[in-house]
Amino acid sequence: MGVTRFVALSILLFLVPILFPEAEAKTRRYKWEVKYEYKSPDCFQKMVITINGQTPGPSIIAEEGDTVIVELTNGLLTENVAIHWHGIRQMGTPWFDGTEGVTQCPILPGETFTYEFKVDRAGTYVYHAHYGMQREAGLYGSIRVAVGSGKTEPFSYDYDRSIILTDWYHNTTYEQVLGLSSIPFDWVGEPQSLLIQGKGRYNCSLVSSPYTCNSNSTQCSPYVLTVVPGKTYRLRVSSLTALSALSFQIEGHNMTVVEADGHFVEPFVVNNLFIYSGETYSVLVRTDQEPSRNYWVTTTVVSRNNTVTPPGLAVFNYYPNHPKRSPPTDPPAGPAWDDVQRRINQSRAIKAHRDYVFPPPLTSDRVILMLNTQNEINGYRRWSVNNVSFNLPHTPYLIAIKENISGVFDQTPPPDYFDLQNYDIYTKHNNSNATSSNSIYRLKFNTTVDIILQNANTMVVNNSETHPWHLHGHDFWVLGYGEGKFNISSDPGKYNLVNPIMKNTVPLHSYGWTALRFRSDNPGVWAFHCHIESHFYMGMGVVFEEGVERLGKLPSSIMGCGKSKGLLVTRP
């Protein structure tokens, strides 16, 4: 009997690794079709870009180390498309970053393009269109990457939910682009609505035709987040606004910030979360309030004197209350739009979690000062960096550099600095001497680069706008924020070199500066730009190249536009 049990146990131990193998990286496959459909996300009907009929599009759910494959068919009929995987660093796959004009040719109408990349780090990310201004037409969605098997996070929760915040215009992107490209300049104005997970509510009494705006449409019923009392929820809150900086809050509930752009945060508690376009956060919310009622979830515009756009509203539904049961109170008003110091204080509060600190290099090899200004170029209103307004070339940089195609972009590099001593950031300047260019910064591979973003007055008196800057292909250390003009002699001494958070998107506050540091260690060509749609369209961005010579053969699927057409003929 003893021998029999020993043999049985031996067989069982042999079979365990076969029957229950260790978790391995998986391949997550998605098949999407992008097309226009008429939708009414805020009750006002307009053409919206959908993925498989949805906006927001389907969520990508994966585990760190997994490979994601998205087979994307462009069904827009008359428009190109490209999708950027925001926050995914594309280590080893820079050609699938999804940035038209930088890393790939656009996907033509009727064509199918396959993106394939690895999600190498757990966290909260998003995807969105990166062609023209299509993001604000509804082409966006969530990416949720869980920690790998056997790993833990420095916090616990019962349920995991994703929420995307956006603003919403009734004019089409074509109408907006026409105004931005006209003389005289025609600004896009403030959005008509704020959407929470693709749902908002516009006042249909302001529209004459009942066929255009229908307040009874189920498409614009408030988003409902149903929760169980006595539980802890991880809310992954992302912003993909076209223009607006937002405050997000849940009536009667505090939020503990625990993650930012895929990095764990030393936890801190807020009543409202300031969030800028391109940022992602995880907050923990305890459902510990009176369970017999529902509560408001609200978003409001900050940083702009906006008296037009009403708050975005959703319902925090305590089960088993009916999800359509309105909270008995008025929605919270939100913070003052012009309380800059409060927003800066929250930015400074975001530090790396004590157990997940990745110290930055103590010094840098190169410092690039970037003055953000509005300019006039040949009568057209533009945004510029160091007096240079950015334009994309017809042939993507990655292809041109790797394949040694000449005549694609200006070889004179943009300036590393501006007249820091003499430029008055508080004055409305004429700024009629700017130039436009598609030149790029060439970074020495595997070096440390500092970026100092400096804000200034626009071409409107007493106005300095908040700019969320996003870097593709990297995370950077946020070394510090400051008010006024950056002092190159004394301000570096104030940098946080102990526990700075790493992010991929960061706000540049009005009349202030933001200091970043990153390593040029990811071979490729990477965009760095303001995440406000109209600002990037108007030239507020730059491009970095690093280590392209280290890349292998580029996939032919990213080619076919500009001077890369000939490469398809010569390739096997």
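## A tour of buried cysteines and cores

Select Cys-530 to begin: at 0% relative accessibility, Cys-530 is buried (buried means under 20% relative accessible area, exposed over 50%, partly exposed in between, with a 1.4 Å probe and protein chains only). The model is predicted, so local features need pLDDT of at least 70 and side-chain atom pairs count only at pLDDT 80 or more, while totals for chains, interfaces and linings use all residues. Residues are numbered from 1 along each chain as its sequence is written, and side-chain values use heavy atoms, with hydrogens and water left out.

**The disulfides.** Show the cysteine sulfur atoms next. With a disulfide taken as a pair of cysteine sulfur atoms within 2.5 Å, the count is three.

Select Cys-43 and Cys-220, whose sulfur atoms are 2.0 Å apart. The S-S torsion of Cys-43 and Cys-220 is about 90 degrees, so this disulfide is right-handed. Cys-43 sits in the loop between strand 1 (27-39) and strand 2 (46-51), and Cys-220 in the loop between strand 10 (193-196) and strand 11 (223-227), so the pair ties together parts 177 residues apart in sequence. Strands (E, at least two residues) and helices (H or I, at least four) are DSSP runs numbered from the N terminus.

Move to Cys-105 and Cys-561, with sulfur atoms 2.0 Å apart. Here the torsion about the S-S bond is about -85 degrees, so the disulfide is left-handed. Cys-105 is buried at 4% relative accessible area, and Cys-561 is buried at 14%.

Then select Cys-204 and Cys-213, where the sulfur atoms are 2.1 Å apart. This link is left-handed, at -70 degrees about the S-S bond. In sequence order of the bonded cysteines, the pairing is 1-5, 2-6, 3-4.

**The cores.** Select Phe-528. Phe-528 is among the residues with the most contacts inside the largest nonpolar core, which has 63 residues. Such a core is a set of buried Ala, Val, Leu, Ile, Met, Phe, Trp, Tyr and Cys residues joined through side-chain atoms within 4.5 Å. A second, separate core of 52 residues includes Val-34, Trp-85, Trp-95 and Phe-113.

**A buried glutamine.** Finish at Gln-134, in the loop between strand 7 (123-129) and strand 8 (140-146). Gln-134 is buried, with a relative accessible area of 2%. Its side chain reaches the backbone oxygen of Asn-80 at 2.8 Å. Among the other residues in contact with Gln-134 are Ile-49, Leu-76 and Glu-533.

Notes:
Polar contact = N/O pair within 3.5 Å; in protein donor to acceptor, adjacent residues only side chain to side chain. Contact = heavy atoms within 4.5 Å. Lists of a residue's contacts leave out its neighbours within four places in sequence.
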